[in-house]
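Welcome! Please take a moment with the sequence and the model below, and then let us walk through them together.

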Amino acid sequence: MELSLNHRKEGDRTVLEVGGEVDVYTAPKLREKLVELVGEGNYQIVVDMTKVEFLDSTGLGVLVGGLKRVRSHDGSLSLVCNQERILKIFRITGLTKVFPIHDSLDEALQDTE
Amino acid sequence: MDDVELRLPPDVAYVGLARLVVTVAARQAGLPGERIEDLKIAVSEAVANAMKSHVRHGVVAPVRLVFGTKDPGFFAVSVTDAGSGFDPSPPAVGADRDWALESGLGVTLIRGMADAVEFSRDGGMVVRMRFSIAANGISALPPSAM
């Protein structure tokens, strides 16, 4: 399945909905989208990964890159993920300590850090 | 299931195909559903590293996968590249990717997902991964069903 990317504003947050497969082949599109959003001044980003079916290390690298980008503008990047198979990837790589990860979009939007 | 060999052109566009083919074979071999997810990740990482190595070193030869259940109770996959392996060589000047970070995470994922993994050199790099087929996983398909 191809990668799908949709974004919208939710108050002061920008929600990027990612769906499908984020792998070594498709991740560059996610990278471009994050670069574009930050370039347009979106520094409070919530990446909704509820519809992600596959995520690999390139995808993780892109998310880490996105986090570095928003942090350089004092921004934040949090994730919405409730799928065990995806959460396992964050746990194994120790990235659960790097990203705020929420069960639902509502929870992510309520988190004011 | 006898060993099956798959040769893929060194292009990351084929990583998804490798994932699909190996996943179908593992399912037929009786690997349980939750382990299929682990296998998908590990195979993708190993194949992606091999492909990136070929691309970086200008190797046009295919990346080779061999998988099967010759080792009773296990679904085994080996990924062989002909490049100089994925020991992080210095990234090319101007490279916009964090190769070291990504291949580091990739190896961490392979180790975390497979039941056993072995890295060796045979010209290029060989990654051998094994996944245990649980006792209740029915692996009764005759070779002809493949």
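This is a predicted model: local features need pLDDT of at least 70, side-chain atom pairs count only at pLDDT 80 or more; totals for chains, interfaces and linings use all residues.

## A pair of facing residues

In chain B, B:Leu8 stands opposite B:Val63 in β2(B). The strands that hold such pairs, β1(B) and β2(B), are joined by five bridges and pair in the antiparallel sense; two strands count as paired if DSSP finds at least two bridges between them.

Residues are numbered from 1 along each chain as its sequence is written, and chains are lettered from A and ligands numbered from 1 in the order in which they are written.

## The sheet of chain B

Chain B has three helices and five strands, and along the sequence they follow the pattern β-α-α-β-β-α-β-β. The five strands make an open sheet with antiparallel pairing, in the order β1-β2-β3-β5-β4. β1 and β4 of chain B are at the edges with a single partner strand each, so one side of each has no neighbour in the sheet. From one strand to the next, the twist averages 15 degrees; the axes behind such angles are lines fitted to C-alpha atoms, for helices over the stretch in contact, and angles run from 0 to 180 degrees between N-to-C directions.

β2(B) and β3(B) pair in the antiparallel sense over five bridges, with B:Val77 as the bridge partner of B:Phe67. Five residues lie between these two strands, and B:Gly73 in the turn has a positive phi of about 90 degrees. In the hairpin of β4(B) and β5(B), one residue lies between the strands, and B:Gly123 takes a positive phi near 80 degrees. Here seven bridges join the antiparallel strands, and B:Gly124 is the bridge partner of B:Asp122.

Over chain B, buried residues make up 39% of the 146 residues.

## A helix with a buried face

Which residues of α1(B) are buried? They are B:Val15, B:Ala18, B:Arg19, B:Val22, B:Ala25 and B:Ala26. Seen down the helix axis, the buried residues of α1(B) fall within an arc of 140 degrees, so they line one face; the arc is that of the directions from the helix axis to the C-beta atoms. An α-helix has 3.6 residues a turn, so residues three or four places apart point the same way. On the other side of α1(B), B:Leu20 and B:Val24 are exposed.

The buried residues of α1(B) pack against β1 (4-8), α2 (33-56), β2 (63-68) and β3 (74-80) of chain B; two residues are in contact if their C-beta atoms, placed from the backbone, lie within 7 Å. After α1(B) comes B:Gly30, with a positive phi near 95 degrees.

## Chain A and its sheet

Chain A also has an open sheet of five strands, in the order β1-β2-β3-β4-β5 and with mixed pairing. β1 (4-10) and β5 (101-102) of chain A stand at its edges; each has a single partner strand, so one side of each is left without a neighbour in the sheet. Seven bridges join β1(A) to β2(A), residues 13-22, and the two run antiparallel. One bridge pair there is A:Asn6 with A:Glu17 in β2(A). Helix α1 of chain A, residues 27-39, lies across β1, β2 and β3 (44-55) of chain A, at about 170 degrees to β2(A).

## Where the chains touch

How many residues of each chain are in contact with the other? There are 16 in chain A and 18 in chain B. On the chain A side, α2 (57-71) and α3 (84-92) are the elements that give two or more residues, and α2(A) gives the most, with six residues.

Methods
Helices (H or I, at least four residues) and strands (E, at least two) are DSSP runs, numbered from the N terminus. A residue is buried if 20 or more other C-beta atoms lie within 10 Å of its own, exposed if 12 or fewer, and partly exposed in between; C-beta atoms are placed from the backbone.
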